[in-house]
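I opened the model to look up a few things. My notes follow the order in which I checked them.

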Amino acid sequence: MWTRALLKSNAKTVLRRSYWRVFLACLIVSLLCGGIDLNLNLGADSAASPLPEQIAPFAGSTGFPYSVLVQLLLPVILGIGIMALLLALAAALCWGILITPVIQVGQARYLTENRTAPAHLDTLFSGFTSGYWNTVGVMFFMNLKVFLWCLLLIVPGIIKSYQYRFIPFLLAENPHMTADRAFEISTMMTDGEKWNIFVLDLSFLGWRLLGLLLFGIGLIFVTPYVQTTEAELYAALRAKVIAGGYVSEEELAGQS
């Protein structure tokens with residue numbers, strides 16, 4: 001039986017020998033999965049203000065009516081802007097489907113391995129070399145199910161997110177695990193535990209608020225503690241389902 005105090009104590013023990021390595025790993029994941037900021041300003045003021053200065057001399061020198069010139073160029077400029085926006089959205093969507101989930105699974109493997117011995121940073125990208133398409137498919141299916149549940153009601157969506165919480169960790173240990181099996185094991189792991197996990201998350205609220213100081217920069221220093229505790233929680237619930245005979249050691253034997 002796990003307790004919040006035990007998990008956090010174990011996490012602190014791990015971080016005493018590896019805090020800065022875990023910090024660097026979490027920072028890399030944050031930058032690759034959530035730190036890209038695409039600022040595309042297509043506002044009327046920013047698009048239109050430089051235009052008159054640039055084309056006014058041309059319009060005046062040729063005698064071509066300025067209003068007609070604007071009418072001709074404006075659709076072209078708007079078309080280019082819309083196309084650029086669509087390309088950026090498509091690139092972000094592809095990144096979110098094909099790259100981000102695989103790195104999240106790699107982070108889960110890194111945190112799991114780091115519990116007992118120093119893990120290498122290249123572990124973060126291990127999902128690209130083993131079971132890549134299976135990982136992409138299972139994670140996409142997981143995110144889609146949670147999203148659809150959230151469309152119905154927020155609370156069921158939150159419950160489902162807790163129910164499927166450990167799928168990245170399961171794929172980290174067995175990247176060829178089928179979607180049905182991953183959903184089944186994660187559901188068994190969180191059965192009767194969701195409220196306790198929710199309370200565990202709430203216990204980090206003070207740290208997160210503290211991390212919001214300095215415009216949120218402090219959060220990157222809190223993240224290693226939160227993520228390492230998450231790995232300890234997975235280990236505890238993993239042991240529970242193995243002891244119950246629902247899962248074999250061979251099925252979750254990690255990766256060679």
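I started with W20, which sits in helix α1. Helices here are DSSP runs of H or I with at least four residues, strands are E runs with at least two, and both are numbered from the N terminus. The model is predicted, so I kept the thresholds in view: local features need pLDDT of at least 70, side-chain atom pairs count only at pLDDT 80 or more, and totals for chains, interfaces and linings use all residues. Residues are numbered from 1 along each chain as its sequence is written, and side-chain values use heavy atoms, without hydrogens and water.

Entry: Is W20 buried or exposed? W20 has a relative accessible area of 58%, so it is exposed. The cut-offs are under 20% for buried, over 50% for exposed and partly exposed in between, with a 1.4 Å probe and protein chains only. I then found W20 in a nonpolar surface patch of about 800 Å², together with W207, L210, L213, L214, I217 and F221. Patch residues have over 30% relative accessible area and no salt bridge; nonpolar side chains (Val, Leu, Ile, Met, Phe, Trp, Tyr) are joined within 5 Å, like charges within 9 Å. A salt bridge is a Lys or Arg side-chain nitrogen within 4 Å of an Asp or Glu carboxyl oxygen. Areas come from the Shrake-Rupley method.

**Entry: W207.** I placed W207 in helix α11, residues 205–211. Its relative accessibility is 42%, so W207 counts as partly exposed. W207 and F221 are 14 residues apart in sequence and 9.8 Å apart in space, C-alpha to C-alpha. Not counting residues up to four places away in sequence, W207 touches V222 and Y225. Contact means heavy atoms within 4.5 Å.

**Entry: the record.** An unreviewed UniProt entry lists residues 20–40, 72–99, 136–159 and 205–226 under "transmembrane region". Such annotations may be inferred rather than shown by experiment. I checked two spans. Residues 136–159 are 96% helix and 0% strand, with end C-alpha atoms 22 Å apart. Residues 205–226 are 68% helix and 0% strand, and their end C-alpha atoms lie 10 Å apart.

**Entry: the core.** Which residues have the most contacts inside the largest nonpolar core? They are F166, I167, M189 and L233, in a core of 48 residues. Such a core joins buried Ala, Val, Leu, Ile, Met, Phe, Trp, Tyr and Cys residues through side-chain atoms within 4.5 Å. Helix α12 gives the largest share, nine residues. Leaving aside neighbours within four places in sequence, L233 contacts W2, L7, F166, I197 and L200.

Note on methods. Areas by Shrake-Rupley, 256 points an atom, 1.4 Å probe, with all protein chains shown as cover.
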